[in-house]
Amino acid sequence: MSGLFSPQRFFRTRRAPLVLAHDVIVAGLAFGLALALRVGGSIAAYDLAWLASHAAVYMAIVAAAGLATGLYRGVWRYASTPELLTILRTASVAVLVFTLAVFAVTRLADMPRSLPVILWFTTVAFLGGPRFLYRLLRESRQGRKARMAGLERVPVLLAGAGDRAELFLRDLNQTPDAAYRVVGLLDDKSGRVGRAILGVPVRGRLDDLARVIDDLRRHDDAPHRLILTTDKLPGEAVQRLFDEAQRLALPMARLPRLTDFRSDDGSHDGGHHDDGTLAPGAAGQPVARLRPIAIEDLLGRPQTALDRAPVERLLHGRRVLVTGAGGSIGRELARQIAAYGPAALVLADLSEFALYQVDLDINMAAADVARHARLCDVRDGAALDRLLAEGRPDLVFHAAALKHVPMVEAQPLEGIRTNTLGTAALADACRRAGVARMVLISTDKAVNPKSVMGATKRAAERYCQALDLARGDGNGHATRFVTVRFGNVLGSTGSVVPLFRRQIAAGGPLTVTHPDMRRYFMTVREAVELILQASAAAGPEQAGAIHVLDMGRPVAILDLAKRMIRLAGLEPERDIAITFTGLRPGEKLDEELFHDGEPPAPTALPGILQARPRAGDVAEIAGLLKPLAEAVARHDRAAALSILSRLVPEFSPDAAATPDAADVDAAADGKVVPLRGRPA
């Protein structure tokens, strides 16, 4: 009954009876006008009692129709398209019922046949006219109040002449003490140039920014800020617009989405603040808050259209375990999985504080999801067996890993113990526990690995691929093993972005290992969405294949550093220096997503490619894992690296170039350090 009339609720609404009375009165006027338009001067020939009775019946029908269609639930000051549609429905219902009622009594003998058509138009005009006139007068009054108050609004230029720009303009018009005044709009569609939104002209295309600024300056109306109001622009277009705004000394911000529920404390992406808060309204709360342009906006690509139905079928009502849940990928995995309503969510991590944080996050985001936070070391096979026996997961997402290349290069045995042996231990435990599907989160550094970290992840890939290929061959396990590979994640704990932010906050310099260094980047949210999509779509015909996320084009790290300096309102080399430290052990200038022996193939899923299986025999790989574990246990670095190179033939360990942990710690902090055997 929520869509029907509720008398108790209706009469508790103070203004609703007044609106009802208004509509009843104008319905009678609409009837009289319609008849006058139809018969002209002959209306005097109609009996007054006839006119009164028919008008009264029509007024009652309009009142009932308005109650049934929800006409009186609308607020006049916000009258727009939904209210217009309700008015059209009300008029249609009222005229139809009235016509049928008169036909049933008199067969329309005393009423002109065209009267119902005219009556429909007059009813729409009389019901809708006052509502929209009220809104127009109110908005005009708000504008006059702002002008009479003498408020000095900051002139701004909007980039994007779409729905969000219209909402922003409407919000400003309805807020007398708003801080901004829009002097024009730019758009990427030339067809909108010369037109206007709520009286504000579209002055040019995005590429016309410099010309539009010059024109406004000549009229002493130059904007103080450029506000991006659309999320549909590709990263390259945002980058061009940002660079041009920087050249014109015009600060740039973006309008948040209405569905962006982040707090209004001014923080964004690691603590950057913006001074674009609109002045408080009557309730003392900001009506909007601009966000600074983030590095994700400049590097963004068109977002992949995702099919949520397969992911929901995979996760809803299932028991799910996430290892490494306290890390960047693990935490986002846990958050997105919780949104699909799993039967239970087990969060596992070795770090107590990281586990506490992700458990708190999930409790706040999805308190109704049964969750269990467990401290667990993936290198401990017995602990894994206990974890799986207790949690009984249907699905396991394995995100636990050591990912920092120089750190693992300095301590290769730890990398092998976690990334290779830990993954193998978890895979074996999943087989013993009858887990339906295990998903391995891998990295582009596993392709032609130059680093120990990359080699350990490639060895983990090979074992999971081999197990998946061997599934169903009589070995007694039914677990599916799905491997997903992708590049760097913006803002993750191991990403260069947080390092650059800390260095900018400290006044520089920004340390870049090499001017030609290039990397693939993706936001953590998009990466996890695609991981879940690939996990849900992996079928039997894809046994042993690696699902590779389409990372777009690689980004030059030097360009990334310059962009981040400009985002902070500074100028590279003038305000913040950039220094080159030289390639660190295990690093490559360019990362790859595919090996020559695993050519990419498209899949039915946008944003996801597939690499041909290149694993080997599971017994052969398992036979190498045993001596590898023994070498690690006796701390025999040379033997362990030698066996690792047999597991990953394309990897050639260079023990002589391995620095000690102190050098790695210094490099991780962004200090310029000499690298043994390499130019600084």
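Predicted model: local features only at pLDDT ≥ 70, side-chain atom pairs only at ≥ 80, totals over all residues.
Select valine 369 and show what surrounds it: leaving aside neighbours within four places in sequence, valine 369 is in contact (heavy atoms within 4.5 Å) with Ala338, Pro342 and Leu345. The residue sits in the loop between α12 and β10 (371-375). Helices (H or I, at least four residues) and strands (E, at least two) are DSSP runs, numbered from the N terminus. Valine 369 is buried, at a relative accessible area of 6%; buried means under 20%, exposed over 50% and partly exposed in between, with a 1.4 Å probe and protein chains only.

Residues are numbered from 1 along each chain as its sequence is written, and side-chain values use heavy atoms, with hydrogens and water left out.

Next, select residues 328-339 (helix α11) and 352-365 (helix α12), whose axes come within 10 Å and cross at roughly 25 degrees. That makes α11 roughly parallel to α12. Angles under 35 degrees count as roughly parallel, over 145 as roughly antiparallel, 65 to 115 as roughly perpendicular and the rest as oblique. Axes are lines fitted to C-alpha atoms, for helices over the stretch in contact, and angles run from 0 to 180 degrees between N-to-C directions. The α11/α12 crossing is right-handed; the near helix is turned clockwise from the far one for right-handed, and anticlockwise by less than a right angle for left-handed. Show side chains for Arg331, Ala334, Arg335 and Ala338 in α11, which meet Ala354, Gln357, Val358, Asp361 and Ile362 in α12. This contact has 5 nonpolar, 1 polar and 3 charged residues. Ala, Val, Leu, Ile, Met, Phe, Trp, Tyr, Cys and Pro count as nonpolar, Asp, Glu, Lys and Arg as charged, and the others, Gly among them, as polar.

Move to α15 (residues 412-433) and α21 (residues 637-647), with axes that come within 10 Å and cross at roughly 45 degrees. The two helices are therefore oblique to each other, and their crossing is left-handed. Pro412, Leu413, Ile416 and Thr420 in α15 meet Arg637, Ala640, Leu641 and Leu644 in α21. By class, 6 of these residues are nonpolar, 1 is polar and 1 is charged.

Finally, select the whole protein chain, which has 22 helices and 22 strands. Of its 680 residues, 50% are buried.
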